[in-house]
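Biologist: I would like to learn how to read a model like this one. Please take me through it feature by feature.

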Amino acid sequence: FGFNRSRLEQLEAKAGVSPPPASSGGGGGAVEEELHPSLKAYDTHIEETVKPFVNACNDLPGLKNIGSLILETWMTIRSIIHLGTKCKKPKDVATALKPLLTAVQTPVQSISKMRLDRDYDWHQKAIMEMLVSISWVVCVPPPNPSMFVKETIGSTDFWSNKIRKMYKGKDEKQILFCDALKKLIQDLAKYCQEFHLSGLFWNNARGVDMESVDVNEFLAGAEVKEAKKEAPKPAAAPAAAAAGGGAAALFGELAAKRTNDGTSAATGLRKVTKDQQTWRKEFKGGEPTTTPTTTAKPTTTTAAVAVPAKKKKGPPKCEYQNQGSKWNIENQTKDDNTGLGSSGMLEITITDAKQQVYIYKCENITINVTGKLKSIILDSCSKTNILFDSAISACEIVNCKRVQVQTRGLCPSVSIDKTDGCLVYLSKESLSSTSFVTSKSTEMNVNWEGEDGETKEAPIPEQFVHKLVNGSITSDVSDLYH
């Protein structure tokens, strides 16, 4: 019976139904409310992967207190999951969770601002890439939280592999750090896949409205650690000591500034005449008012200069040109676009295989291209997702950041140039026929479905070993990718 009940709770969690709270028994003793299955699984995730990684960080003295900050981050995320099991989904999730999200950012910013020894520079970068995954709590598909977490594996491995290569056979603690880091991300992705498939779980069936809940109550665990930040109050003691020095300290400092030729800190100052001394009857009251006006002008000038710093963005375009048979899609964003379909995507329908699509300076938007086309080009786009059926020629990605491209059919060639962060999804049809041409790009990954139905991902090499052999250059992929 216990097994069936546990299985039923898991099915209810996936369906968005929270189990009813445990009632008290006939003896009158209160029974503690049983944790939601998603919360139980998260606690298991912390015990089996997060705490071992924290221990791996603590074993490396150069990482200071990063381990405790990571644990604090994960515990605050737990508060968000706990809140989701008690409440219905609010209209604006980010605004409703603002106090908790702010508490999550505090330890992350502390890790980012740490000044570590040079030997731990790669460690800090790998950890920062991993910490991107915690944004899954506000992730809105596509991609789903699990895929969003998996995307950080490639960028994290880039720095972890450098650590492995340097310390292989020399320091086992360094290798354990890399292993624990990757296991943490993989386990978090698995957890999200099981309990938060379409976003953070909310108890819409039996939960209460967010307006009736004090979000700050869920920060009880985090506030204990924040109390330590109030310790610097004793710093007021030196100020009191300085005040106690009085005039003696002031004259001592002035005497220290006296040079060998007799000049002092007061040398070169203008003499104050009687008509400038406020306590004398000769004082002219109109003169001192000129001082504030001279200091106010630079403030106005500085503010005026800072305004033109923003780059103006052109008007959004989505039009077809008969000349050249080309679709021009420019300056499209999710917030500014009013032509999005019911799916939340910008829909483009291709009517002739000779047509091509050119996408320029789009940001935070998903574009769905249906129909067979000649080619598709992404230029200077950021956080843009592209889905298309089949391309006769190629798909080109130039000057982009954090873009995702998915082909549902065939695509003979994918060209990636001057791009930071690119994830390409291949269909089963294109696995054996698609080739990649890359230059001056980083964080490139390929995703496909294996024969067993599981999704697989591999990084595109960025580092190569070149040798001069018999008068010609030979190139091989670096050992980091083997």
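Modeller: Start with what a helix is here: a DSSP run of H or I, at least four residues long, numbered from the N terminus. Tyr191 is found in one such run, helix α8, residues 172-195. Keep in mind that this is a predicted model.

Biologist: How many helices and strands does the protein chain have?

Modeller: There are eleven helices and 16 strands in the protein chain. Its length is 482 residues, and 36% of them count as buried. The accessible surface is about 28600 Å², with 54% of that belonging to carbon and sulfur atoms. Now look at contacts between residues at least 6 apart in sequence: 43% of them join residues at least 24 apart.

Biologist: Back to Tyr191. Is Tyr191 buried or exposed?

Modeller: The cut-off for buried is under 20% relative accessible area. Tyr191 has 5% relative accessibility, so it counts as buried.

Biologist: Which residues is Tyr191 in contact with, leaving aside its neighbours within four places in sequence?

Modeller: Tyr191 contacts Ser38, Ala41, Tyr42, Ile81, Trp136 and His196. Ser146 is 45 residues from Tyr191 in sequence, yet the two C-alpha atoms are 7.8 Å apart in space.

Biologist: Next, helix pairs. What describes two packed helices?

Modeller: Two numbers do: the angle between the axes and the distance between the axes. Take helix α2 (residues 37-58) and helix α3 (residues 66-86). Their axes come within 9 Å and cross at roughly 170°. An angle over 145 degrees counts as roughly antiparallel. So α2 and α3 are roughly antiparallel to each other.

Biologist: Which residues make the contact of α2 with α3?

Modeller: On the α2 side they include Leu39, Tyr42, Ile46, Val50, Phe53 and Val54. On the α3 side they include Ile70, Leu71, Trp74, Ile77 and Ile81. By class, this contact has 13 nonpolar, seven polar and three charged residues.

Biologist: At what angle do α6 and α7 cross?

Modeller: Helix α6 (residues 121-131) and helix α7 (residues 145-167) cross at roughly 160°, with axes that come within 8 Å. They are therefore roughly antiparallel. The crossing of α6 past α7 is left-handed. Residues of α6 in this contact include Trp122, His123, Ala126 and Met130, which meet a set in α7 that includes Thr156, Trp159, Ile163 and Met166.

Biologist: Where does Thr333 lie?

Modeller: Thr333 is in the loop between β2 (326-330) and β3 (346-349). It counts as buried, at 11% relative accessibility. Leaving aside neighbours within four places in sequence, Thr333 contacts Lys313, Glu363, Asn364 and Ile365.

Biologist: Last, a strand residue. Which strand holds Tyr320?

Modeller: Strand β1, residues 317-321. Tyr320 is partly exposed, with a relative accessible area of 31%. Not counting residues up to four places away in sequence, Tyr320 touches Ser325, Lys326, Trp327 and Gln355. Gln356 is 36 residues from Tyr320 along the chain, and their C-alpha atoms are separated by 9.7 Å.

Key:
Residues numbered from 1 in each chain as written. Predicted model: local features only at pLDDT ≥ 70, side-chain atom pairs only at ≥ 80, totals over all residues. Heavy atoms only, no water. Helix = DSSP H or I, 4+ residues; strand = E, 2+ residues; numbered from the N terminus. Buried < 20%, exposed > 50% of the residue type's maximum accessible area, 1.4 Å probe, protein only. Contact = heavy atoms within 4.5 Å. Areas by Shrake-Rupley, 256 points an atom, 1.4 Å probe, with all protein chains shown as cover. Axes fitted to C-alpha atoms, helices over the stretch in contact; angles between N-to-C directions. Parallel < 35°, antiparallel > 145°, perpendicular 65-115°, else oblique. Left-handed = near helix turned anticlockwise from the far one by under 90°. Nonpolar A, V, L, I, M, F, W, Y, C, P; charged D, E, K, R; others polar.
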